[in-house]
Structure formats: structure tokens, C-alpha cells
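Here's a quick briefing to read alongside the model. Have the viewer open and follow the topics in turn.

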Amino acid sequence: MMNALINIDGFKHMSFGKSIEIHLKKNHEKWMSTLPLKQSEAISYVFQDMVSKGGRPFFLSLKSKSDFDFFSQRFFFWLRTLFMLLNLFSLLAYLSSAPLLILISGLPRRPVITGILKEPSRRNFPVKWAHSTSTMAAANEENIGSLKEQIAKVFEISLKVTIPEEPEVVPLIAACAKKEFGDYQCNNAMSLWAKIKGKGTEFKGPQPVGQAIMRNLPASDMIESCSIAGPGFVNVKLSKQWIAKSIQKMLKDGIDTWAPKLPVKRAIVDFSSPNIAKEMHVGHLRSTIIGDTLARMLEYSKVDVLRRNHVGDWGTQFGMLIEFLFEKFPSGEVNDQAIGELEVFYKASKQRFDSDPEFKERAQKAVVSLQGGEEKFRKAWAQICEISRKGYEKVYQRLGVHLEEKGESFYNPYIPGTLDLLREKGLIEESEGAQVIFIEGKKIPLIVVKRDGGFNYASTDLAALWYRLNEEKAEWIIYVTDVGQREHFEMFFTAAKRAGWLPNDENKYPKTSHVGFGLVLGDDGKRFRTRSTEVVKLVDLLDEAKTRCKAALVERGKAAEWTAEELEHTAEAVGYGAVKYADLKNNRLTNYTFNFDQMLNDKGNTAVYLLYAHARICSIIRKSGKDIEELKKAGQLILEKDEERKLGLHLLQFAEVVEEACTNLLPNVLCEYLYDLSEKFTSFYSECQVVGSAEETSRLLLCEATAVVMRKCFHLLGITPVYKI
Ligand code: ARG
């Protein structure tokens, strides 16, 4: 018989929780108990005969709990008395040379501690501290990570014990393809087997490895059951009590506790970025919508995001614009009303530029004066930029998008220094009078200084990258433009790698990503344009979406039911939301057809349908007449029926979906999740009566959790939720 004396003295220094949970697992048996923990109390427990027979490892995990609901006080009293007796016995046994004594004292401040004890071969066997087996956030831990991550933590412990010779192995956790097998699966057995095969291992194949991984899983209230499939997949079925508990905890602590953890602190999202005086077309609308969503998802994941509007506010076109401005407003007094539409102004000046050589010459000189910093020219340039800016602001305001402008001109002073750095690395060469960087695999080099000595889009982007990495200390820089610019980005990213600014390994940081997107098409399958073949004005599009929504609401009698303000607000939320969602729900790389009738349909995968679903949930809660805040505090969520469990599990998967959408920069992943959520809610609602049922409290909590997650999805997609419709 072997004894392990565990002195949990260190717990007295911890200021959390009222009780501790003790989990013991040896071979197949699990033993779990919860014990009260009083501050300043040292508890010593003896576990007898736990380390014996055949050298199987066993787990001991201690975790603090803020409540203990399984056992009564009386039970604890007797349990503690029993332990004290055993303790005494063990001490005596130890004094008469018991084989093992483990003292755990001065435990770290982390509230959850797991000890993995292996069969001791000598006295004072060192206790290895592994990751926590906690499957619920400890009281003082804000962010619990995604569901997958929580499962991975449990498997990490088992993997370490099962194959100690491969301590670095990362748990491979995926959702089960076939739901009848379970919710998640661990896929490590096969690759582990490949690593240990023929190296004197006791295992006879991947399946026994899988079985051992399953056997060695620490006790966890998260897992209901496990099974082995195929060559060693370990399937996990999550406990519905645990799912329910996790959702209730989110309802209490807020959905921010479900934010995924990302490996970056600061990111730059370079999006929207229209060109001054030129039209802001639907391509810029896509960039604005996609970029804003990516920024929102990163912000939710606690990344510090710099939202950059890299406007095209520099270049030769300004010479012509400035000269035209001087002609139109000789006094220098410019007002934007007089200029009217900048695009029209741009076209008129271009016409003048093309038709009048004398004007052209003046315009070219104006560029030189502007670049030389001459006061009069700088002022005219600033006026033109300001007018453009006001136009953009109107669109951004309607879309609820916030951006910080650092246009191309901002990086101008940094270009010469940046190019010097690249020259020092031997990257820049002369070619046909221009200075270029040759990129392997590309026929045409990246031009960084034009033949006339001027800088261009590429040199500006290189300087901006240098600035973002070195001055702004961004770890991830994300550029959102149409796929047509892919080559440009690929080339200057490669140049930056060759200069040693970025690591060659795509998985390492700092990192740059180009988020390309396809075209917006009209019903004719061609680039989206209005009748007059002019590009579509963004503001007009948004106006039309709103007007159509308002008309639909009026038709449904809402004008009589609601205040004018409510009508206006709802029409805006639904109209703008519909435009955004129609864009975001597609994989961004594909072209999509802009169609008002489709996007404003209240059936199918549209924002209208989803906003409606949300409003319906809110009305169920309202109609119950219950105070949901009170229910959150006192009610209990129980996931009894299959549809309830399915909905509950889907809610819990929110964090990993956001994580995936962020990591792969794909907003459509979140849209799919949201649509699925509304479908799962519909199945639940058609199967389970909510108001007036015996399970009303629990089901109202499930409704509320669904509404909370839906609202977060809307928020991340930049859509304003509505509460009644
Ligand atoms: N102004 C450019 C355009 O309209 C987009 C700029 C994208 N950002 C960048 N850093 N290059 O195409």
C-alpha cells in the first residue's frame, strides 16, 4: 500500500472561492468530491492506495469553487473528520517510513491547479503542474477562450500522460463530422502512433493510443461520455449540465467573457480608402463593410485595432484639380457648395487637361509646386481633400463606420528613408530608367521610383508598411481591397520579407494579409452600374434600401402602430443592415449580385429575416411578463430536450466561430453561424413551448441567451438590432 499525503496548506493564501473540488482518477475509476475551503485553514488529506498496481498514472485536480451544490454541509463535516483521521494515520505511517509524501504548499495564485502524479519510483516524487483542467472560468478570470480551446486543455493533460516522450504535442480538436458520434473529437492518436511506432512503445497501434488518451482524461464536469471511433479518434459528448452552466455564466458575466483569444495585441485594418475627387464606388462600399466587420471582430477579441483610411490624396491628378480650382475661384475663396459634386469637378478638369495643352502644362507645374510645399498650392490641395472628406463622412455616418484617416500623403516624408533601407539590403535595381525591385516568379518588377523620379503607389505602401511596423508597432496589418490588387500586395509583401521586415513563415508575426474581394454585379451579370453607365453612388444605394424598407413597414401598418421616429429608425436599421448582410454573407472572394428584392426579402438568409427572428425572441420574453434580469440571477437553465441541447451547444460555439472568422478573415463564417442560430432557435421554439410551460424559466433564459448572441453577431457585422418589427 502506498500513501500520498497532500497538504493543501497553500490554499489558505488564496482569496477566492468557498470550496475546493477534488478529482481523483485512477485507471477507469473517477472519484470526485467537493470540500469546503475556509481561509486560513490548512487542510491535510490522505489518499490511500491511490498510487498502486501497474503504474497507471492518476490525476489529482484541485479547483476552487464559488459554490458547492452537490453535497450538504453535514456530509462535509463527516468527510473532513474522516480525512483528518486518515491524515493522522498517514502521518504515523510516514513516520514509520511510508513510501511517499507530497507536500503542496505555497500554491500559485491561480485558482485551479492540477497535479499529475505518476507512480513514484522514489521518495519526494516531484509534482508536475500541468494546465488547469478547469472547464469553467474561474471567478477572477475574465476570458475563458473558445469551446475548442477548453476541450483542448483537458486533452493536453491526457496527451502528456499518455505519451510522456512527446510532451510538446498540440491537441488536435475538431467538431465531430457525424453528430451521432459526439460533439467534438480528438484526432491525435494517429499522428502520435506514427511518432512512437517502433521506438519500444507498449502500444500496439493507433487505436490503443486513442483508448489510452480517453482513459487518461482528467475528470471534468465538461465531458459526459467518450468513445473511440475508427483508428483512434476520441469522441467527446459534452455534458448538457455543463453547457447549461456555461450559458448561465455568460448571461451573468456578459458576452465579452466569450471573446476568443488571439495571438496579437495590435492590428491595423487598412480599409475603405477611396481616392480623393474620384468617385467612391461600390468596390469601396465592399471594402468599408468587410473592413469594418473585421475590425469589429478583432476589437471584440481584445486586439487594439487601428482603423486606417489610406485615402488616395496624393498624385499627379492634383495638379490638374488645383489649376482648375484656381480658374474657378480666382479669389481663393472656395466653398464646397460652389464646387458641387467633386466627381463632376474632377471630370470637368480632366476634360480641360486633355483638351488644352496650355492648361496641361500649368497643371504639371502645379504638381511640382505642390510637392515642393508651396503655400498656395498646399492650401488648394487641402481644400479639395476637405470637400471629399465631407462626402465620405456622410457614407460612413450612415453605415456607422469609424475610420481614422492617414492618407497616402502622410507617408510621403518617409519614402526616401524607406527606399534607402531597401537599397542597403541590395533590393533596388535600375531598370529602363526606373528603380525597381525584382520579385521571384513575377515577370514585371515592382517599380518604386518612376522614370521621372516620382514616387508611386508601391513606394507609398512600402513606406506605410515600415511606419506601421516600426512606429505604430502593429503585429498584423490587414489590407482590404478588390482582388484586382492582389499582385501589388503580393509583390510588396515579398519585398518586405526579403528586407527582413517580415518573417518568411506565414504563421509568424508580424504579418501582413491582403483581404481581397470580388466584384459587385448588376442583374445583367455585369459590373454594377446605374442606367446612365455612371458608377452607383453609395449614398443613393443606402437611401433606396431605407426607402424600400420604410414602404414595406408602412404597408404592414406600422405607421399607425409606431412613432415616426421608430419607423425611421427601424427602416434605417433594416435597410442598411440588409445592404451590409447581402455583401458579408458571401465568401468575399466571389462576385455577388446586388439585388434589392433579394436582400430585402423577409424569408431566407437575409438581414431582414434575422432581425425579424431577433425581434420575435424579444417579444416572447416581453410577453412572458417576467423580469429577465431577475431570472438571470435566480433561475436555472436546464437543457432537457434535444432541440434545447442543440441550441445550447450552438450558442457555446460562438467564440470559436469568431476566432475562425478572424483568423481566416472571412466574415461569411459569422453570417453562416448567425443564420444557423436562427434556424436552431426556430426548431427549439416549434418543439418546446416557452411561455406558460413548466420549463418557462429555463426556456426564457435560453431565449435570452440566443438574443444576446444574436445581438453580438449583429454588432460584429455592423448591423443595428431591432427589438420589435
Ligand atoms: N486607394 C486605393 C484604391 O482605391 C486603395 C488603398 C488600399 N490600401 C493600401 N494601403 N494600398 O484602390
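C549 sits at 7% relative accessibility, so it counts as buried (buried is under 20% relative accessible area, exposed is over 50%, and partly exposed is in between, with a 1.4 Å probe and protein chains only). This is a predicted model, in which local features need pLDDT of at least 70 and side-chain atom pairs count only at pLDDT 80 or more, while totals for chains, interfaces and linings use all residues. Residues are numbered from 1 along each chain as its sequence is written, and side-chain values use heavy atoms, with hydrogens and water left out.

**Cysteines**

- C713 is buried too, because its relative accessibility is 0%.
- How far is the sulfur of C713 from the closest cysteine sulfur? That partner is in C671, and the 8.7 Å separation is too far for a bond.
- The disulfide count for the structure is zero, where a disulfide is a pair of cysteine sulfur atoms within 2.5 Å.

**The chain overall**

- The chain has 24 helices and 22 strands; these are DSSP runs numbered from the N terminus, with helices being H or I of at least four residues and strands being E of at least two.
- Out of 725 residues, 53% count as buried.
- If you take contacts (heavy atoms within 4.5 Å) between residues at least 6 apart in sequence, 74% of them join residues at least 24 apart.

**The ligand site**

- Which residues surround the ligand? The shell is made up of D270, S273, N275, H284, H310, Y457, D461, Y479, T481, Q485 and F489, with a residue counted when one of its heavy atoms lies within 4 Å.
- Sorted by class, that shell has three nonpolar, six polar and two charged residues. Here Ala, Val, Leu, Ile, Met, Phe, Trp, Tyr, Cys and Pro count as nonpolar, Asp, Glu, Lys and Arg as charged, and the others, Gly among them, as polar.
- Helix α13 and strand β19 each put at least two residues into the shell.
- For polar contacts (N or O pairs within 3.5 Å; within protein, one must be able to donate a hydrogen and the other to accept it, and residues adjacent in sequence count only if both atoms are side-chain atoms), H310 has a side-chain N or O atom 3.5 Å from a ligand nitrogen.
- H284 has a side-chain N or O atom 3.0 Å from a ligand oxygen, and a polar side-chain atom of Q485 is 2.7 Å from an oxygen of the ligand.
- On its own the ligand has 350 Å² of accessible area, and the protein covers 91% of it.

**Charged residues worth a look**

- E472 is in the loop linking α13 (457-470) to β19 (476-482), and it counts as buried because its relative accessibility is 7%.
- Setting aside residues up to four places away in sequence, E472 touches R266, I268, L306, R308, K406 and Y467.
- D183 falls in the loop between β9 (173-175) and β10 (184-186). Is D183 buried or exposed? It's buried, with a relative accessible area of 5%.
- A polar side-chain atom of D183 is 2.8 Å from the backbone nitrogen of L238, and the residues D183 touches beyond four places in sequence include V236, K237 and R645.
- R362 belongs to helix α10 (residues 357-371) and is partly exposed, at 27% relative accessible area.
- Beyond its neighbours within four places in sequence, R362 contacts E323, E327 and R352.

- As background, most residues other than glycine have a negative phi, and most peptide bonds are trans.
- Y509 and P510 are joined by a cis peptide bond, with omega about 0 degrees; P510 is in the loop between α14 (486-498) and β20 (511-517).
- E432 is not a glycine, yet its phi is positive at about 50 degrees. E432 lies in the loop between β16 (429-431) and β17 (434-437) and is exposed, with a relative accessible area of 69%.
- L665 also has a positive phi, near 55 degrees. L665 lies in the loop between α22 (654-663) and α23 (667-687) and is buried, with a relative accessible area of 6%.

Conventions. Accessible areas come from the Shrake-Rupley method with a 1.4 Å probe; for residues, only the protein chains shown count as cover.
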